[in-house]
Amino acid sequence: TRSTRPQRMLKAVQKNATKGNPESVISAIDYFCKNSEWAMNVGDEKGSILDSVVTEVNPSTVLELGTYCGYSTVRIARLLSPGTKLITLEFNPAYATVARQIIAYAGLQDKVTQVEGSSADLIPQIKERFSITTFDFIFLDHWKDRYLPDIKLFEECGLLRKGSVLLADNVICPGAPEYLEYVRNSPRYESRYYPAHLEYTKVEDGLEKSVFLG
Ligand SMILES: CCNc1ncnc2c1ncn2[C@@H]1O[C@H](/C=C/CNC(=O)c2cc(-c3ccc(F)cc3)cc(O)c2O)[C@@H](O)[C@H]1O
Ligand SMILES: [Mg+2]
């Protein structure tokens, strides 16, 4: 049977990137998406904004919702201080399998805890399963209509502390209007929009950074 796009992306990484070199893995995926097949990775332009926010926060505890093929997982994990781990949630086993191989090719498997399942089920289990009290940094890039319910779940489960930073992809395209309305109007968040473009296109998109105020 025909391969899937994630499988073709993995092949491109194995062919064009250098094992153990995260930068080359990122470049290989961006090259594949620009020259062969578009895919919904955060991409290089928004990825650079992601890098700058991660570097600024220098988090000890990180959560990513929506691993997909692991592109943003690699971008984040390569910037983490030694001993820091990132938890990434993905409920599609086929995507999780590709991501595992791409993260391993980058040599970052020791900095990443991949968890297979839905954020709705997993978020309430995180404290206990991973002995986490709160997250310093959360990257939201899963189903756009799940951003709002999941941020409310973070609040309910006590996973946010004063200063926790949430960064959401695609707040313009495809868009997350209810999420934006919430974080921009809630007195419990300080929000800022980073304008950019939809990955590998000229279409307007951007990232929303929201700091939990406690
Ligand atoms: C039930 C919600 N909980 C979840 N828990 C765990 N993993 C989840 C969850 N939702 C979705 N996922 C996974 O996250 C990924 C989904 C991401 C959804 N992203 C998008 O739809 C998206 C879509 C676009 C886009 C933009 C313009 C277009 F014309 C076409 C597509 C661009 C992006 O950057 C995107 O992130 C998949 O790997 C999916 O299996
Ligand atoms: Mg996205």
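**Notebook: pocket lining and salt bridges**

I sorted the lining of the largest pocket by class and got 12 nonpolar, 7 polar and 5 charged residues. I keep in mind that this is a predicted model.

I looked up the pocket volume next: about 450 Å³ for the largest pocket. Its lining has 24 residues, and the closest to the centre are Gly-66, Glu-90, Asp-141, His-142 and Trp-143. I then checked which elements contribute. Strand E2 (85-90), helix H6 (119-122) and helix H9 (171-175) each give at least two lining residues.

I turned to salt bridges. My search of the whole structure returned 16.

I took Lys-46 and Asp-205 as one case. Their closest N and O atoms are 2.7 Å apart. Lys-46 sits in helix H3 (residues 43-57) and Asp-205 in strand E7 (residues 204-212), so the pair links parts of the chain 159 residues apart.

I then followed Arg-78. Glu-23 forms a salt bridge with Arg-78, with the closest N and O atoms 2.7 Å apart. Glu-23 lies in helix H2 (residues 22-35), and Arg-78 lies in the loop between helix H4 (71-77) and E2, 55 residues away. Glu-23 is partly exposed, with a relative accessible area of 45%.

Arg-78 also meets Asp-51 in a salt bridge, 2.9 Å from N to O. Asp-51 belongs to helix H3 and is 27 residues from Arg-78. I find Asp-51 buried, at 12% relative accessible area. Shared partners join Glu-23, Asp-51, Arg-75 and Arg-78 into one salt-bridge network.

Technical notes
Residues numbered from 1 in each chain as written. Chains lettered and ligands numbered in written order. Predicted model: local features only at pLDDT ≥ 70, side-chain atom pairs only at ≥ 80, totals over all residues. Heavy atoms only, no water. 1 Å grid on protein atoms, 1.4 Å probe; cavity = no way out; pocket = protein on both sides within 12 Å on 5 of 7 lines; lining within 4 Å. Points joined across faces, edges and corners; volume = space filled by probe spheres on them. Helix = DSSP H or I, 4+ residues; strand = E, 2+ residues; numbered from the N terminus. Nonpolar A, V, L, I, M, F, W, Y, C, P; charged D, E, K, R; others polar. Salt bridge = Lys/Arg side-chain N within 4 Å of Asp/Glu carboxyl O. Buried < 20%, exposed > 50% of the residue type's maximum accessible area, 1.4 Å probe, protein only.
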